[in-house]
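Student: I've got a new structure open and I'd like to learn how to read its sheets and helix packing. Can you walk me through it?

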Amino acid sequence: MTAFLELAHISKHFGGVRALRDVDLSLEAGEVHCLVGENGSGKSTLIKIIAGVQAPDPGGRIVLEGREHSRLDPILSTKSGIQVIYQDLSLFPNLSVAENIAIGSHMGLPRPANWNRISDIAAKAMARINVNLDLETMVSDLSIANRQLVAICRAMAADAKLVIMDEPTASLTRHEVDSLLRVVNDLKSRDICTVFVSHRLDEVMEIAERVTVLRDGGKVGTFDASEITSRRLETLMTGHEFDYAPPRPGGEAAEVVLAVRNLTRPGHYEDISFDIRKGEIVGLTGLLGSGRTELALSIFGMNPPSRGTIEVSGKPLIASSNRVAIASGVAYVPEDRLMLGLALGQPISANILATVLDSLAGKFGLIDPAERVAAAGDWIVRLNTKVSDLENPVGTLSGGNQQRVVLGKWMATKPRVLILDSPTVGVDIKAKDGIYEIVHRLAAEGVGVLLISDEAQEVFYHTHRVLVMRQGKLVSEVHPLSSTERNLQEVIYA
Amino acid sequence: MPKTIQRWTRSHEFWLLAVVVVLSMFLTAATDSFLTLQNLFDLLTSTSFAGILAAGLLVVLVFGGIDISFTAIASVAQYVALTIAKTYPIGWFGVFFVACCTGILCGLFNAAIIHKVRISSVIVTISTLNIFFGLLIYITRGDYITSLPSYFREGIWWFEFTDSNGFPYAINFQALLLVVAFFMTWVLLNKTNIGRQIYAVGGNEIAAERLGFHVFGLRCLVYGYMGFMAAIASISQAQLAQSVTPTTLIGKELEVLAAVVLGGASLTGGNGSVFGAVLGVMLIAILQNGLILLGVSSYWNQFFVGCVILLAVSATALSQRRRYA
Ligand SMILES: Nc1ncnc2c1ncn2[C@@H]1O[C@H](COP(=O)(O)OP(=O)(O)O)[C@@H](O)[C@H]1O
Ligand SMILES: [Mg+2]
């Protein structure tokens, strides 16, 4: 079988930065090829070279359908059937869904715009992957997940032979990921090659036929999916082994820090009861819409329950606002750390201390700058964050470090109960590991943690027990020590 | 389709239209002369220059650029065209042809510099405003052109009719050019694939490049179009003024920019409509006209125009913030 596309000796420098070094890659019709590597390992750069958006350094060879090129350009690669769903989606926020999907029909020489054709193309592309969005809505009004669907539809609308998806699942829920994986299978059945870039190795293992691993701009190797495991992939990606043993269980006799009894809010969740003990990490998982986030927000005082009680360390919590909740020792780190958790333009120190400014205030309500820096610096050390200057804006930090700043911000309130909503979404493996380490350390210091996550693997390996919700009800409790990951998956998707 | 209606009532244009209607009703009630044919024709005629420029500038703003140099381009275009027309019998067609070529060349010069040097279009066009204007003043020494050819002085005067007071009216040159300019721009932006590419680049230039859009070609087209419209506007203005003065047009840039922004075009690109720009131009024209009719001292004129722009822009910004909150 001849390859649809073959790359040989591809290198790429950006100024002094070497993004790729001597990479080979061969893609065959109808295969599902996963490309994995940590952040910065060169995946996106490789994709841009295939798309013709960037030229490789001289010396590389690209053979596309038997014809040799020293570089590609966007028009040539599109004409040859290469479609890319970029990591940033590359959509036009000011145009409608239909126009975004059918943007290809605006290309070329001047001529009248054919609006009927555009709606037609868009409707067909959506039908192919079974999504249903309003054609006239502006893309700027869509959620991130829906934008992702638009980007996928755009690739579907063209007559593609190779579809490349650069981290398409980073902001999708499990449910949406499943439909995406079905799309990939559908493409395969039509002999279209898919290149799938992802951080989530469980997904990769689910669909890949071959996996290419990049590390530091170099290719580690291409492997048949059948001869490799996700543990092995991780080692290949990072160059060292990670310890994935489930954490030690918390003491059975420890004090109960959070007691929830018969908590109900019609339409959100129903009759929820559970305890969290001091030093315990409890996982909370379930499909999208199962009520996890709503429940968490209620405990944090932002979604008042209509019935039931919450007690923190034995004291009833009438969670009428998040201020009350914070005062009684509940902390909450939101799912979308960028939108809700941080003021990105503000200095790191100000962000960490945002929740405790009152306690730092001196005699006249003013805050001593030196004390502020000392307090923030203390947290940076405890959270193991790499920061060159506390006064830099948080927006300059990497995703994993931003996440740690959010954690620091809440830890500064010295909580008894810490609620983490999907803390590792969009974070690479190394940074994930750092976050788990933080969570384990906090638990060791006596905080009771409620870890909400979509990923069965995450809650299975990093909690003492897992609560599973379905349609607003607690349906099961799984103990990782006496169960298997597969068992947990089955409970979630039952 | 209730969804379409809902989208429309939420749009910037809808609110602007409401303001224009309310302001017009107020002026009709408060003055005798606002809603007279004569006043409306005068309004149309005197708005022609700013309106045609607004049509050109809208395209630049939608593309994600900005042009400040168009008044200088207009000055150069009308001076070159009418200097030639003074000595050679080039006729109407010749006047337009020379003016438009001059305008387009100036626009292409802007586009080339912005593209090659990759600096912001504000800086480039502020510089070229001074370059074009400086050269014009140096070469002409600021001299007027007054002896224009007779066909040019007469202009056009179609469908003449007389009202009950014996005043004659007609579709004049200025009104015609204004309508044509907006219509052309509407066709370009909404009815051609090139117009949609202009919106796309304004919305996300990097994405457009990745898809293989010819961004440099589009940039030339957009700034060339601005130069073209500046030339048309300059001919309209010269015909109305019956003379060419190199210095009169400079200083009108911000008024035109304000009208287009008032019409909903964003300075960050990708947004704006021809209808909105028409309303923006109308609102400013009616406001200025109304202030005169109400007998408000002309010193207040700019003050009120400034206030209205600030109000409108703040209202839009606030309502958008609420939408995304
Ligand atoms: N346009 C660019 N200019 C400079 N450096 C870049 C550019 N694009 C990527 N890089 C660098 O190249 C390396 C690889 O980046 P990328 O391909 O985006 O990695 P990945 O997609 O695997 O996270 C990184 O060190 C990144 O900083
Ligand atoms: Mg990437």
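Tutor: Let's begin with a term we'll need: two strands pair if DSSP finds at least two bridges between them. Keep in mind that this is a predicted model. With that in hand, look at strand 1 (residues 5-14) and strand 4 (residues 61-64) of chain A: they are joined by 4 bridges and run antiparallel. In that pairing, Ala8(A) stands opposite Arg61(A) of strand 4.

Student: Which order do the strands of that sheet follow?

Tutor: In general, strands of a sheet pair through backbone hydrogen bonds, either parallel or antiparallel. Here the order is 2-1-4-5 in chain A, an open sheet of 4 strands with antiparallel pairing. Strand 2 (17-27) and strand 5 (67-69) of chain A sit at the edges with a single partner strand each, so one side of each has no neighbour in the sheet. From one strand to the next, the twist averages 25°.

Student: How many residues of strand 17 of chain A are buried?

Tutor: For burial, the cut-off is under 20% relative accessible area. Strand 17 (residues 417-421) of chain A is mostly covered, with 5 of its 5 residues buried. Val417(A), Ile419(A) and Asp421(A) point one way, while Leu418(A) and Leu420(A) point the other way.

Student: Which strands pair with strand 17 of chain A?

Tutor: Strand 16 (residues 330-333) of chain A is joined to strand 17 by 4 bridges, running parallel, and Ala331(A) stands opposite Leu418(A) there. Strand 18 (residues 448-452) of chain A also pairs with strand 17 in the parallel sense, over 5 bridges. In that pairing Ile419(A) stands opposite Leu450(A).

Student: How many helices and strands does chain A have?

Tutor: Chain A has 18 helices and 20 strands. Of its 494 residues, 55% are buried. Among contacts in chain A with a separation of 6 or more, 66% are between residues 24 or more positions apart.

Student: Now helices. At what angle do helix 3 and helix 8 of chain B cross?

Tutor: Two packed helices are described by the angle between their axes and the distance between the axes. For helix 3 (residues 37-63) and helix 8 (residues 173-191) of chain B, the axes come within 8 Å and cross at roughly 20°. That makes helix 3 of chain B roughly parallel to helix 8 of chain B. The crossing of these two helices is left-handed. Residues meeting there include Gly51(B), Ile52(B) and Ala55(B) from helix 3 and Leu178(B), Ala181(B) and Phe182(B) from helix 8. The contact residues of helix 3 and helix 8 of chain B divide into 12 nonpolar, 6 polar and no charged.

Student: Why does Ser24(B) count as buried?

Tutor: Because its relative accessibility is 17%, and buried means under 20%. Leaving aside neighbours within four places in sequence, Ser24(B) is in contact with Phe34(B) and Ile286(B).

Student: What does Asn39(B) touch?

Tutor: Asn39(B) lies in helix 3 of chain B and, at 10% relative accessibility, counts as buried. Not counting residues up to four places away in sequence, Asn39(B) touches Ser33(B), Phe34(B), Asn289(B) and Leu293(B).

Notes:
Residues numbered from 1 in each chain as written. Chains lettered and ligands numbered in written order. Predicted model: local features only at pLDDT ≥ 70, side-chain atom pairs only at ≥ 80, totals over all residues. Heavy atoms only, no water. Axes fitted to C-alpha atoms, helices over the stretch in contact; angles between N-to-C directions. Parallel < 35°, antiparallel > 145°, perpendicular 65-115°, else oblique. Left-handed = near helix turned anticlockwise from the far one by under 90°. Contact = heavy atoms within 4.5 Å. Nonpolar A, V, L, I, M, F, W, Y, C, P; charged D, E, K, R; others polar. Buried < 20%, exposed > 50% of the residue type's maximum accessible area, 1.4 Å probe, protein only.
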